[in-house]
Amino acid sequence: MCGIAGMINLDLAPIPKIARYSDAMENLIAHRGPDGAGKWFNRNQSLSLIHRRLSIIDLSDNAKQPMQRQDKVVSFNGEIYNYKELIDQLSDYWPFQSKSDTECILAAYQKYGFDCLNHLRGMFAFSLWDESNKQLFCARDRFGIKPFYYAVVDNVFYFASEAKALLPFLPEITTDDSSLVEYLTFQYTIGEKTLFKGIKQLLPGHALEVKDGKVRTWRYWDVKFEMDHDHSAFYFNEKIRAYVDESIALHKRSDVPIGCYVSGGIDSSLIYALANGGDAENALAFHGKFTEAPKYDESHFAKDVIADVGGSLFCKNIVAQDFTQHIQDVIYYLDFPVAGPGAFPQYMVSKLAREQVKVILGGQGGDEIFGGYARYTVAYLEQCLKAAIEGTYKNGNYVVTLESIIPNLGILSEYKPLMKEFWRDGLFEPMDQRYFRLINRANDMANEIHWQALNTDSVFEDFAQIFNNPNNVQEHAYFDKMTHYDFKCFLPALLQVEDRMSMAHGLESRVPFLDHPLIEFAATIPADVKFKDGNMKHMLKTSFAKELPSSLINRRDKMGFPVPLKEWFAGELRDFSRSIFQSMIANNRPYVDNEGIAEMLTSGEFSRKTWGLLSLELWYQAFHDKADKFKAMIE
C-alpha cells in the first residue's frame, strides 16, 4: 500500500520544471507512504514516476519503488495477494531480484502484456513505463479498492493516487456541474468525472494507455450475473465458505502484523473470527464507540465477538470535540464530500489502529454482495404488496412473498422516515424509478439548492443505464439489479472512504470480501437463495452461523457506522455547525440557495441533507478557498 503519481508529455517533449512538479506531487501524497520515497525520470525529462512507500511485503531495499528492471519501470499502490504463486510460475521466465509483489507486475507484463491484469489477484493501481514501446500502461483493480485520478493539461498527462496532487496543474479549481448534480442526488458520483472540473478517475476494472500522443482507456473486467439453478442452497453455502476462507488466507499475507476492524456487525466480525485462527499476532481488533449517546454505542456487540473468538479489543471513545478537531482533516484527506458521516469515525478508528499495526482487515463489500442494506427490504416490501394485490406472487418472478417477508420487517423499525419519504409520492412504479427514489437525496434539498440553474435531465437516465444493464443482469430479479447498481456505484464511494481514511494515517486497509473469484461465484447464486424471505445477509448467517455469536446473528438494528450528529448538532456542535453554514452563505457558493440554508439553520433539524451540505461546504473551504496555496507549490 503506497501512493503513486507522475506525469508524461503526450509528445514526449521535455517538461519544464519537471523536478519541481514532481516534488509538489510527492508532498501532496506523502501521508500515504511514510516509509520511503522515490522518483524516476526518463532521459529527456518528459516523464516522471513518483512513489511513496508503506512497507508491507519484502521490507528490504530490493522492493523500493519506482522499480526499474530492464527497460521497464513501475510505480504501484496496493497488494497482489497471489504474488507467491506468480513468482513460482514466472521464476524460470523472469530473474526476480526481490520477493515483492511489485516485481510480479513487471514479470507478468513482460510475459502477458496487457493481459497481465487477468493474472493479478488483489487490489492495485499502477503505472508502468515500457521504454521499448514508448508506452505508459496504467490500471486499476476490478472493484476500485485503490484509487487512480488523472488530468490532461497543456498536453501533459498527470496522474496520482489522490486528486489533490493534480490540483496545482489545473488552470483553476472549479466544480464540475454535472458531477455536482450527481453528488446532490446520491452524495457520490457515478461516472469517471469528479467534482473537480478537469480531473477524471480511472473506473474500476479499467486500464489506460498513453502512447503516440493519445490517451486510451478500456474495460478489462466486469461481473456477470449468470444464474446457476442446478444446485442447492447447501452447495452454495459450502462454496461460499471455501471462497471466503481462501480469500482471507491470501489477505493475511504480510511481513508485518495485521489487525481487524470490528464494528459490531456481521461482516467485520466474521472477517475477524476467520482471520484470527488462534494467531495472537493477528488477533487485534479496533472499534469506535460513542458513550456520549448510548443508543449509538455498539461496543457491546464488538465485545461479544472478542469474548466468543478471543483476542484483544482496542476501543476509541469518540466525542463531539473529536469532530470539531478533525472533520476538516477528514474532508481534506477524502478529496471530496462523501456519502454519509461514517468517514469521520473511520478516520478516528484508523488512527487508533495505526498505533498498533500497519495492516487492517475490514468487511467492506459484504452488504453489496449478500444484501445487507435495509433499503432492499423496503423495496421488496412494496413488490410483495403489489404481487399480493395482483395475485401474481406465485408466478415465479418474486424472490420474496408477503407471507415470508413479514418476520423480517423488524429490521425496518429505525427506517420509518425513509419509508415515509419512499411512499410519499408514487407507488408500484417500474423498479428503476422506485429504487432511484429510495437512494435519491435531492428531494431533501429542494429549498437549499438552486436546482433550476443545474442541468438535472440526465441523472436518472445515467442511473437507469447502470441499474437496467441487460449485459450484466440477465434475469431481472429486483435484488440483482439493486445490488448490481450498488456494487458499481455506491461501493466505489465507500471504498474511497476506506482507502483515504486509512491512508491518512499510513495504514493499509484490506477487504477480503472483494476477491474476484468470490465475487464471480456470488454472481451466479440466485436471488431467492441470497435474499431468502427478505432476510438480510441470509447466506452469511447460514454459511457461518458457528463462527459468530448469536447476538450478532439475531440483531436487527445494525445501521452502518452511526454517528450521533443529530444530538451533537443540537448541543455541543450547534455553534460549530452554524458557523460552517454561515460561511456557506457568506461565500455565496455556486448553486446554493442562501435563504434556504438560513431557513435550515433556523429549524435546527439535523438530517442526511445537513451532512451532505456541511460536507460540501468543508470541501469548498479545503480546496477552492485555498486554490492559491496549491498553485504556489509549482511556481
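Let me begin with a term: a residue is called buried when its relative accessible area is under 20%, exposed when it is over 50%, and partly exposed in between, using a 1.4 Å probe and protein chains only. What we have here is a predicted model, in which local features need pLDDT of at least 70 and side-chain atom pairs count only at pLDDT 80 or more, while totals for chains, interfaces and linings use all residues. Residues are numbered from 1 along each chain as its sequence is written, and side-chain values use heavy atoms, with hydrogens and water left out.

I will start with the charged pairs. The structure holds 33 salt bridges, a salt bridge being a side-chain nitrogen of Lys or Arg within 4 Å of a carboxyl oxygen of Asp or Glu. One of them joins Lys-200 to Glu-192, with the closest N and O atoms 3.5 Å apart; Lys-200 counts as partly exposed because its relative accessibility is 33%, and Glu-192, at 31%, is likewise partly exposed.

Another salt bridge, at 3.0 Å from N to O, brings together the side chains of Glu-547 and Arg-241. Glu-547 sits in the loop between helix 19 (538-543) and helix 20 (550-553), whereas Arg-241 belongs to helix 5 (residues 233-251), so this pair ties together parts that are 306 residues apart in sequence. Helices here are DSSP runs of H or I with at least four residues, numbered from the N terminus.

Where do Lys-609 and Glu-448 lie? Their side chains meet in a salt bridge of 2.8 Å, N to O, and Lys-609 is in helix 24 (residues 608-624) while Glu-448 is in the loop between helix 14 (431-439) and helix 15 (459-467), so parts 161 residues apart in sequence are tied together. Lys-609 counts as buried at 17% relative accessibility, and Glu-448 is buried too, at 3%.

Turning to the nonpolar side, a nonpolar core is a set of buried Ala, Val, Leu, Ile, Met, Phe, Trp, Tyr and Cys residues joined through side-chain atoms within 4.5 Å. The largest such core has 119 residues, and those with the most contacts inside it are Tyr-188, Phe-323, Tyr-435, Tyr-485 and Trp-568. Helix 16 (residues 478-503) gives the most to this core, with 10 residues. A second, separate core of 83 residues includes Ile-57, Leu-106, Val-244 and Ala-285.

Finally, which helix is largely enclosed by the rest of the structure? That is helix 11, because 13 of its 17 residues are buried.

How values were computed. Helices (H or I, at least four residues) and strands (E, at least two) are DSSP runs, numbered from the N terminus.
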